[in-house]
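Student: I have a protein model open and a list of terms to learn. Can we go through them one by one?

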Amino acid sequence: MAADSVRTGRRGPLTLLGIACCAVLVSACGGAPPAPAPAAPKPPARSAVAVGTGGAVSSVNPYASQAGIEVLRKGGNAVDAAVATAAALGVVEPYSAGVGGGGYLIYYDARTRSVHTIDGRETAPAAMRPDSFTDPATGQRMPFNDAVNSGLSVGVPGTPATWEQALRRFGSIGLGAALDPAARIADAGFVVDQQFRDATAMNEQRFRVIEPTTQLYLPEGQLPVVGSLLRNPDLAATYRLLGSGGTAAFYRGALAEDIVRTVRQPPVVANPGRLVRPGLMQAADLAGYRVLEPGPTHSSYRGIDLYGMAPSSSGGATVGEALNILGNYQLSGADRVQALHHYLEASRIAFADRNRWVGDPAFTPVPTEALLSPEFGKDRACLISPVATLPSPVAPGDPSKPAEGCVPGVGGAPPREGNSTTHLVTSDRWGNVVSYTLTIEQTGGSAILVPHRGFLLNNELTDFVFVPVSPGVADPNLPQGGKRPRSSISPMILLRGGTPLLAIGSPGGATIITTVLQTLVNRLDLGMNLPDAIAAPRASQRNAATTEAEPAFLDSPEKAQLERLGQRFVLAPKAFTPTPEIGAVAALEFLGDGRIQADAEPVRRGGGSAMVLTPTR
């Protein structure tokens, strides 16, 4: 490799992709028949905290984190490990992510000390219109669940293109090598745990409507048994196809034809018992898909630089604005009630502005810099009272007229969003860092699995609003052909003095934003270490009359004191498991002495998986 390749882990003249392709060609040209499926590996142990050197991975699943560590151990860099981890999540967390979805990736380049992003958000088919989610029979807005469970909700997937672009721009290995660990897991199978069975049970009725989904995830017509193996050789074959042919094999050709056919003619069982509407996707929509590389959002908080995703994601702008609001106050663990009250109010205000202004900037001007200006944050902060709660929905402010931001007003009801997704973070021995959130939207996506290809399709287009949030006001997030629906995905990388301090993100639909925000407040303001900041009970305020909260938050002593200030709480809905939970953080903290602390959830989603290449004490 060239000197820069050795120093940064970037690709040199000879890559593992070439080696992988040679192996594929030998098999395809009459070599030995394919070997039988390897024995399933024992599930790696779960650990919520790991400290060490040489690189780290944190995700929601130990199989996935182990795949990333395997790539790091072989000399790969943070981007290589991120793609390997993400691909493995597509096997073992298929209801949250996979090649049938999209996502957003942030990358810190240690050599140039610069931050880059990849927008791999799904796009609407060209035929989609602002009224596509209107029921033609009634002229009314389509019921949300009807839209979810349909081909109409499926956006053009961006995940395969994200992986290929990330490896091409910043990786050191090829796509085939990055996908190999996941393909091996799919072939051998993974051990079903209680969390996977519970997630399947929560989706059982809608899975039973789709024939290939039933065949894969309801073996012999039953819920998968805890301790059994679930194999997905079709997905292994799909990964190997992408590894040998690149993403051209996904966006064109036989696989693309299968995706389009599935969207337009959902493979329902005989007598499904309900209508599964066909989608609008055409082959040209897949062939025309492109990832974007916008500049990251940038804001500062307590002397720390925060980099996040720019629109079409609202994550970077909304987390940044909320922190700009909170920056006008001194928050402390000595007064947790006031700290939590200000956190909830800042989130309420930032969501009002997000819902009004953020959409796909290719279709609607988005005032991202103005939303993130300290002046606008200060102006909006004046709405917060230490002794009272703002009535919701709060009206949005106008960042072009910051002097008017202190008028509360009344806004529109917040839109509905799905609540799944998954997140991972990686780092390497060169100091590169990745924070990557990927999704198929709702847990189980559209519930439609592509026959013989092994992956579920997303329902991301239900992230569009079906009607404007504020009647009579132009909405930036109405459906339109080629448009990216607004996302709440919020991967972030925080730098102090130009070097990494934290990398963080979470799944959870719109609660992603509040989860990242609350965890940062816990860590940066309330004096918690990162594991405690992650484990702390959560509450999510998104400009609604009530705040969703976890059971432990509702049982906390602060709850009653917050209610005396006017805050109102309801139990958070069940999302991925039967337990009401908000988010599932995966994060890294760089300890300043060469060590990295990888952190994951200790309990939520069954507990996450934090690993380091070389553990230390």
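Student: In the hairpin of β10 and β11, which residue takes a positive phi?

Tutor: Gly 497 does, with phi near 65°. Two residues lie between the strands of that hairpin. Before we go on, note that this is a predicted model: local features need pLDDT of at least 70, side-chain atom pairs count only at pLDDT 80 or more, and totals for chains, interfaces and linings use all residues. Residues are numbered from 1 along each chain as its sequence is written, and side-chain values use heavy atoms, with hydrogens and water left out.

Student: What makes a run of residues a strand or a helix?

Tutor: Both are DSSP runs, numbered from the N terminus. A helix is H or I with at least four residues, and a strand is E with at least two. By that rule the protein chain has 21 helices and 17 strands.

Student: How do you know that β10 and β11 pair?

Tutor: Two strands pair if DSSP finds at least two bridges between them. Five bridges join β10 (residues 492–496) to β11, and the two run antiparallel. Arg 496 stands opposite Thr 499 in β11.

Student: Which strand is joined to β11 by four bridges?

Tutor: That is β15 (residues 586–590), which also runs antiparallel to β11. There, Ala 503 has Leu 588 as its bridge partner.

Student: Why is β11 called largely enclosed?

Tutor: Count its buried residues. Buried means under 20% relative accessible area, exposed over 50%, and partly exposed in between (1.4 Å probe, protein chains only). Six of the seven residues of β11 (residues 499–505) are buried, so the rest of the structure largely encloses this strand.

Student: What makes β12 and β14 edge strands?

Tutor: Look at the order first. Three strands form an open sheet, β12-β13-β14, with mixed pairing. β12 (539–540) and β14 (569–571) each have a single partner strand, so one side of each is left without a neighbour in the sheet. β13 (residues 547–549) pairs with β14 in the parallel sense over three bridges. In β14, Leu 571 is the bridge partner of Ala 549.

Student: How do you know that the length of α12 is close to what is expected?

Tutor: The expected span is 1.5 Å times one less than the number of residues. Helix α12 (residues 253–264) has 12 residues, and the expected value is 16 Å. From first C-alpha to last it reaches 17 Å, which is close.

Student: What covers the buried residues of α12?

Tutor: The cover includes α10 (233–245), α11 (248–251) and α13 (283–287). Leu 255, Ile 259 and Val 263 are among the buried residues of α12.

Student: What makes Arg 356 a charge over a ring?

Tutor: NZ of Lys or CZ of Arg must be within 6 Å of the ring centre and within 35 degrees of the ring normal. The charged end of Arg 356 sits over the ring of Trp 357, 4.1 Å from its centre.

Student: Why point out the phi of Glu 441?

Tutor: Most residues other than glycine have a negative phi, and most peptide bonds are trans. Glu 441 has a positive phi, near 85°. Arg 605 is also not glycine, and its phi is near 55°.

Student: Which residues does a cis peptide bond join?

Tutor: Ser 392 and Pro 393, with omega about 5°.

Definitions and conventions. Contact means heavy atoms within 4.5 Å.
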